Amino acid sequence: MSVPLTMAEEGEAGCERESLAAYSRGKLSLKDFEWPQSLRVSFPLVYSDSQSIPEIDLQALLGQQNDKQQQQLQLLSEAVSTCGFFQVVNHPIPASAIRCLDSHARKFFSSPLQRKLELAKAFGRMMTEFDIRPGYTCGSPLESPLKLWYEALLIAASDKDNVSAVAKCLCADEEEEYTFKDALEKFSFGFTKLARDLCTILLETLGLDANEILEEYVDGNEQGVGVKLLHYPPCPQPEKTAGLPEHTDICLLTVLWQDEVGGLQVCQDGCWITVKPNVDAMVVNIGDIFQVCSNDRFKSGLHRVALNKNESRYSIASFYNPRRDFKLTPLPQLLDSTNEAAKFRSMIPVEYRKLTFKETFNGAWQGVNVLRC
Ligand SMILES: O=C(O)CCC(=O)C(=O)O
Ligand SMILES: [Fe+2]
């Protein structure tokens, strides 16, 4: 789940169960990881250019008003009002920062479980308005019938104590720690710029004063930047299970980098399509908060992660969120300017998360539908 605002963030409970760890110790069998037929992925995964998420050139989108800019805006508007997913090229996250985080993730996830569990204990402050704890997790939330075949490390990138603890655990010496922290900072900076620029454009398409809204609800959310490193180990029976079940992310926007292995699937017009990996692009999706704020104009992207038999898959996800004092509700500025009735009832984010998170892990994702009037 997303800092977790996606599903993977249910770290605390996950670590008690340690699904994958329990499997490697022989306490769980492959049978325990089998999912109901309705949630399984069909193989082989097919990449099709005609059936894919659109690619947006950020520089063209932010550039001068001309045909190319209009074309990008058109692509973006269509993507956010249908499947809620698109890829961005020419983005501001430096490739060197991604490479550095990716190589440290690979090293960390291949280290002994005991070492990884050092980062499982709660440390650092809670993050975001959902009170997510940063740390290592390798399991499903308690009581969840679905066992998840993945592990993750969530870093609270703006919390110095958290970043230091992670750097100490992941790096061999002070010089390496410095390089790692620098990459994390550059990644977070580029991510925040990308997410804020996209939110600005999207709010403007609704005819709203984007700066006013972002200043009122989002800017200064320094606790909100979470960087989640994910690892999906090879799975002997990928057709009977998956890494993450279908879900939407509880955030404004998710920005994701996936390695060349692939496995992210997006629901488009009721069909699952596999996102073709492009290490130079960031995959972006609308989250539940944006769907509610936009009074259903933007669609939170439904997605899941397929596994494979032979290779580990790595990804890095970041979730863009409003500040802690935010209340989940259609934007009053939008309702006023359009005279529309609210399509969703309001809720405190932490309550919303409690309500939807458990259902998702039960294999019964409902997302924003729980709030529909
Ligand atoms: O690893 C991925 O591709 C997706 C991760 C994800 O959906 C999440 O953390 O919410
Ligand atoms: Fe997700």
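At 18% relative accessibility, Gln268 counts as buried, because buried means under 20% relative accessible area. This value, like every other in this report, comes from a predicted model. Gln268 belongs to strand β8, which covers residues 264–268.

Leaving aside residues up to four places away in sequence, Gln268 touches Gln51, Ser52, Ile53, Cys83 and Ile273.

## The iron site

Three residues coordinate the iron ion (ligand 2): His247 through NE2, Asp249 through OD and His303 through NE2. Along the sequence, the donor residues follow the spacing H-x1-D-x53-H. Asp249 is located in the loop between β6 (244–247) and β7 (253–258), whereas His303 is located in strand β11 (residues 303–305), so this pair ties together parts that are 54 residues apart in sequence.

Are Asp249 and His303 buried or exposed? Both residues are buried.

Asn295 is situated in the loop between α10 (288–293) and β11. With a relative accessibility of 1%, Asn295 counts as buried. Its backbone has a positive phi of about 50°, although the residue is not a glycine.

The side chain of Asn295 takes part in polar interactions. A polar contact of 2.8 Å links it to the side chain of Glu340, and the side chain of Asn295 also reaches the backbone nitrogen of Lys343 at 2.7 Å. When residues up to four places away in sequence are not counted, Asn295 touches Pro330, Leu334, Leu335, Glu340, Ala341, Ala342, Lys343 and Phe344.

## Packing of helices α4 and α8

Two packed helices are described by the angle between their axes and the distance between the axes. Here, the axes of helix α4 (residues 67–81) and helix α8 (residues 174–205) come within 11 Å and cross at roughly 80°. That angle makes α4 roughly perpendicular to α8, because angles of 65 to 115 degrees count as roughly perpendicular.

Which residues of α4 and α8 make the contact? On the α4 side they are Leu73, Leu76, Ser77 and Val80, and on the α8 side they are Ile201, Leu202 and Thr205. By class, the residues of the contact of α4 with α8 comprise 5 nonpolar and 2 polar residues, with no charged ones.

Helix α8 also contains Tyr178. Tyr178 has a relative accessibility of 61% and therefore counts as exposed, because exposed means over 50%. Tyr178 and Met282 are separated by 104 residues in sequence and by 25 Å in space, taken from C-alpha to C-alpha.

## Backbone features in two further loops

Where is Pro44 found? Pro44 is in the loop between α2 (19–24) and β1 (55–57). The peptide bond that joins Phe43 and Pro44 is cis, with an omega of about -5°.

Asn90 occupies the loop between β2 (85–89) and α5 (95–109). Although Asn90 is not a glycine, its phi is positive, at about 55°. The relative accessible area of Asn90 is 42%, so this residue is partly exposed: the value falls between the limits for buried, under 20%, and exposed, over 50%.

Methods: Residues are numbered from 1 along each chain as its sequence is written. Chains are lettered from A and ligands numbered from 1 in the order in which they are written. This is a predicted model: local features need pLDDT of at least 70, side-chain atom pairs count only at pLDDT 80 or more; totals for chains, interfaces and linings use all residues. Side-chain values use heavy atoms; hydrogens and water are left out. Donors are N, O and S atoms within 2.8 Å of the metal (3.2 Å for Na, K and Ca); water is not among the atoms, so sites may look incomplete. Helices (H or I, at least four residues) and strands (E, at least two) are DSSP runs, numbered from the N terminus. Buried means under 20% relative accessible area, exposed over 50%, partly exposed in between (1.4 Å probe, protein chains only). A polar contact is a pair of N or O atoms within 3.5 Å; within protein, one must be able to donate a hydrogen and the other to accept it, and residues adjacent in sequence count only if both atoms are side-chain atoms. Contact means heavy atoms within 4.5 Å. Axes are lines fitted to C-alpha atoms, for helices over the stretch in contact, and angles run from 0 to 180 degrees between N-to-C directions. Angles under 35 degrees count as roughly parallel, over 145 as roughly antiparallel, 65 to 115 as roughly perpendicular and the rest as oblique. Ala, Val, Leu, Ile, Met, Phe, Trp, Tyr, Cys and Pro count as nonpolar, Asp, Glu, Lys and Arg as charged, and the others, Gly among them, as polar.
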